[in-house]
Amino acid sequence: MTALFAAATAAARLAEVAPPWWVLAPAAVLVAALGGRAGARLGREDATRAEALEPGEIAIGTYTVRPPYADHGPPPPYESPQYQLRLTTRGMQMWERAVMLWSHPWPELRVAADGPRLRVHHEGREAGVMLLEPAGAVQEVLTIGRRYGAG
């Protein structure tokens, strides 16, 4: 929201100065090119994730997983979060941008809340401990897991 306000303020100041078209045209082309590139990258990630679904499988929800160390900042607005947990009618998938790290079916999983963290166990081994965003996501994952057969 702050970026939108800053852009609106800058546009208002430019309107007062009224620069010639030959100054604005290159800037508009640059902004359009960067926006198109970012949109194409996000579209490729979505297409990769859609291809990973089996026939009849439906994506239920996607949750942002906060990175395990603090040196990661939030992603720029033109990128998706680095780690995402995706829930489907078949199971759970862990993604790092466009790369699937793991995928397990619900009956083979045991999910539990550990305070604000989600603990995921697959075949007796811990598959992950995650801090999910937004708030309340852990409870949603537990509810969906129970509905589809996770222990």
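Visitor: Why is histidine 122 called buried?

Guide: In this predicted model, histidine 122 has a relative accessible area of 9%, and buried means under 20% relative accessible area, with exposed over 50% and partly exposed in between (1.4 Å probe, protein chains only), so histidine 122 counts as buried.

Visitor: What does the numbering rest on, and which residues and atoms are taken into account?

Guide: Residues are numbered from 1 along each chain as its sequence is written, and side-chain values use heavy atoms, without hydrogens and water. Because the model is predicted, local features need pLDDT of at least 70 and side-chain atom pairs count only at pLDDT 80 or more, whereas totals for chains, interfaces and linings use all residues.

Visitor: What makes the pair of histidine 122 and glutamate 108 a polar contact?

Guide: Their side chains make this contact at 2.8 Å, and a polar contact is a pair of N or O atoms within 3.5 Å, where within protein one must be able to donate a hydrogen and the other to accept it, and residues adjacent in sequence count only if both atoms are side-chain atoms; the value therefore meets the distance cut-off.

Visitor: Where is histidine 122 placed, and which residues is it in contact with, leaving aside neighbours within four places in sequence?

Guide: Histidine 122 lies in strand E6, a strand being a DSSP run of E with at least two residues, while a helix is a run of H or I with at least four, both numbered from the N terminus. With contact meaning heavy atoms within 4.5 Å, its partners beyond those neighbours are His104, Glu108, Leu109 and Ala127.

Visitor: How do you know that the buried residues of helix H3 are on the same side?

Guide: In H3 (residues 137–147) the buried residues are Ala137, Val138, Val141, Leu142, Ile144 and Gly145. They cover an arc of only 170° around the axis, the arc being that of the directions from the helix axis to the C-beta atoms, which means that they sit on the same side of H3. The face turned away from that buried side carries the exposed residues Arg146 and Arg147.

Visitor: Which strands do the buried residues of H3 pack against?

Guide: They pack against strands E1 (59–65), E2 (83–88), E3 (91–96), E5 (109–114), E6 (117–122) and E7 (125–133).
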